[in-house]
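Here is a short briefing on one structure. Look it over first, then read the points below.

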Amino acid sequence: MGLLDGLRSVLGIRAESDASRDAEPEDLFGMSTAYLTMEADLGYDSADAGALCFAGVDSSSFRDAVENVEAILEAGSEDTGTDFRVTEDGHGYHWVVLEDSDPEDLITSLHFAADTFIEEGYGSRLLAAVFAYRNDSGPAYWIYSFRRGAYYPFAPRAGRERDSGTEFKLESVLDGELEIEPDKEYWYPLWPSTSGRHPWE
């Protein structure tokens, strides 16, 4: 199975058939306390970045929806100072990428973006929200699957290796604070491109 097939299977088609519920952006606010635990108990700082992954649709109404998401984020940026951009990766998936040194503003902006997709009737196109962290050992991410309604950790390392020990530690510490995906088959890695740092690059 290739990378694109795997992403489509785990976060898309298969997750949709195994979906536990409809996309629920309110779950993203769980990260409002989790980032404090990441810092205090695990030594991870926010990497000041997060992203929303979604599957596009070739239609004018969907393009209008994306424009409305951008308009909402543009209006919100006046209060939060959150920078954003909409991009497409090499696998054909689309990302709303946000950068902000305040984790609360980052979470709120991601919620606004996801909620707007749902209000526009495209909640089913939402795949994942990604929250980036870092410490001396390397990066770590919390990935929220909209189709599954749960989070899972992802700790990538050089050579496209995963630090499973770190992932299990993140799970054990945050379990109960976040709704964590119990089926590790759905803990799918979102690798960046060869030259990228983050999954959306």
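Two strands pair if DSSP finds at least two bridges between them. Helices (H or I, at least four residues) and strands (E, at least two) are DSSP runs, numbered from the N terminus. The model is predicted: local features need pLDDT of at least 70, side-chain atom pairs count only at pLDDT 80 or more, and totals for chains, interfaces and linings use all residues. Residues are numbered from 1 along each chain as its sequence is written, and side-chain values use heavy atoms, with hydrogens and water left out.

**Strand 1 and its partners**
- Strand 1 (residues 45–54) joins strand 3 (residues 94–99) through six bridges, and the two run antiparallel.
- G50 has L98 of strand 3 as its bridge partner.
- Strand 1 also pairs with strand 4 (residues 126–135), antiparallel over seven bridges.
- There, S46 stands opposite Y133 of strand 4.
- Eight of the ten residues of strand 1 are buried, so the rest of the structure largely encloses this strand. Buried means under 20% relative accessible area (1.4 Å probe, protein chains only).

**Helix 2: burial and end**
- Buried residues of helix 2 include M31, Y35 and L42.
- Their cover includes helix 4 (103–119), strand 5 (138–145) and helix 5.

**Helix 2 against helix 5**
- Helix 2 (residues 31–42) meets helix 5 (residues 164–174) in a contact (heavy atoms within 4.5 Å).
- A34, T37, M38, D41 and L42 of helix 2 meet K169, L170, V173 and L174 of helix 5.
- These residues divide into six nonpolar, one polar and two charged. Ala, Val, Leu, Ile, Met, Phe, Trp, Tyr, Cys and Pro count as nonpolar, Asp, Glu, Lys and Arg as charged, and the others, Gly among them, as polar.

Key
Axes fitted to C-alpha atoms, helices over the stretch in contact; angles between N-to-C directions. Buried < 20%, exposed > 50% of the residue type's maximum accessible area, 1.4 Å probe, protein only.
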